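Welcome! Please take a moment to look over the sequence and the 3D structure before reading on.

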Amino acid sequence: MATRCEEKVRILKTLALDIGGTSIKCAYLSQNGDKSEFRLLPEVNTPKDEAAFMMALNGLLKVAGGVDGVAISTLGVVDSTNNTILGSGAVDYLPKLNLAQTIVDNYGLPCRIMNDGKAATLGEFYFGNLTNTDSGVCLVLGSGIGGGIIYHNQLLEGHHFAAGEFSNIRTDNDWVKLNESLFYKQNSSLTLNYDHKLIQNNDGRTFFSELDQSGDLKTVLRRYCRMLAVQLYNIQLVIDPERFVIGGGISAQHVLFDYLDAAIHELASTMGDHNLFSGYMPIVVPAMHRNTANLYGAIGNYLAAELQLPVDQIQKRLAQSERVDD
């Protein structure tokens with residue numbers, strides 16, 4: 001006879017939402033016995049207020065149909081112990097919604113919420129380029145630098161739920177420059193456009209399409225990767241991860257990793273004997289899932305929290321799911 005957990009998993013359908021400042025990405029994972037499907041749904045614009053958000057959520061639940069639970073990735077700080085959003089930046093009404101409890105009260109559905117950078121990290125850990133690593137770091141290079149840390153097969157959250165908030169790492173110990181010398185101001189994806197003609201529209205695609213024809217752009221990318229290599233090395237010294245994955249839209253540019261690999265080798269050569277451990281340098285690969293890592297991670301977080309599934313079972317379910325893009 002099947003256990004209660006096995007019966008629930010067999011018919012499970014989990015709606016996943018990734019709430020960003022401008023849009024909400026949506027998908028669901030449906031499971032029926034050994035068969036599972038990960039289906040992407042059309043994005044919707046992020047609503048401007050609480051009432052509009054609840055209307056949008058109601059519509060998404062209807063589109064997904066027959067949902068057994070809701071998994072959410074969101075910008076901002078999330079208290080995973082109490083399953084609440086403490087602060088959400090551009091979408092400032094989210095903490096007021098008490099979203100998880102509101103979903104329980106309104107729809108009778110369990111809900112788990114997590115920070116988007118940590119969701120991307122879990123997405124890569126459960127089903128991506130951090131799978132089968134004991135420890136790893138994910139950095140999402142966007143308008144800021146999000147991410148997370150896997151340590152001994154666990155997501156590291158920190159006392160204030162802020163582990164992996166890389167954006168505000170100080171990169172200069174001159175106190176006059178303390179609030180200007182920030183990691184995200186050097187290595188967000190937007191900074192590639194600050195020193196040349198693309199500053200008006202921050203068009204990353206144009207930057208890389210013109211790279212081969214422009215010595216100036218090559219210089220900008222080389223400097224960008226040198227600064228990134230130094231911070232990766234600093235993180236390597238603190239956490240000693242097996243691997244870094246780089247996410248965000250910029251991670252689709254293979255040439256970025258050519259330049260970054262060259263910068264890491266140059267850094268090792270420059271440090272020479274001052275590098276404490278021979279060969280002790282960051283290993284960096286692109287994230288497997290760029291726009292969907294947060295959704296996979298949110299679902300994995302839900303399966304772990306609500307069904308108490310172990311890591312290997314979550315990894316298996318996500319890896320074996322057939323992906324369908326609407």
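## About the model

This is a predicted model, in which local features need pLDDT of at least 70 and side-chain atom pairs count only at pLDDT 80 or more, while totals for chains, interfaces and linings use all residues. Residues are numbered from 1 along each chain as its sequence is written, and side-chain values use heavy atoms, with hydrogens and water left out.

## Salt bridges in the structure

Side chains of opposite charge can pair when their charged atoms come close. Five salt bridges turn up when the whole structure is searched; the term means a side-chain nitrogen of Lys or Arg within 4 Å of a carboxyl oxygen of Asp or Glu.

## A link between two helices

One of them joins Glu266 and Arg226, with an N to O distance of 2.5 Å. This pair connects distant parts of the chain, 40 residues apart: Glu266 lies in helix α9 (residues 254-271) and Arg226 in helix α8 (residues 215-239). Helices here are DSSP runs of H or I with at least four residues, numbered from the N terminus.

Glu266 is partly exposed, at 32% relative accessibility, and Arg226 is also partly exposed, at 44%. Partly exposed lies between buried (under 20% relative accessible area) and exposed (over 50%), using a 1.4 Å probe and protein chains only.

## Two further pairs

Glu242 pairs with Arg243 in a salt bridge whose closest N and O atoms are 3.9 Å apart. Glu242 has 38% relative accessibility and counts as partly exposed; Arg243, at 22%, is partly exposed too.

Arg323 and Asp325 form another salt bridge, where the closest N and O atoms are 3.0 Å apart. Arg323 is partly exposed, with a relative accessible area of 39%.
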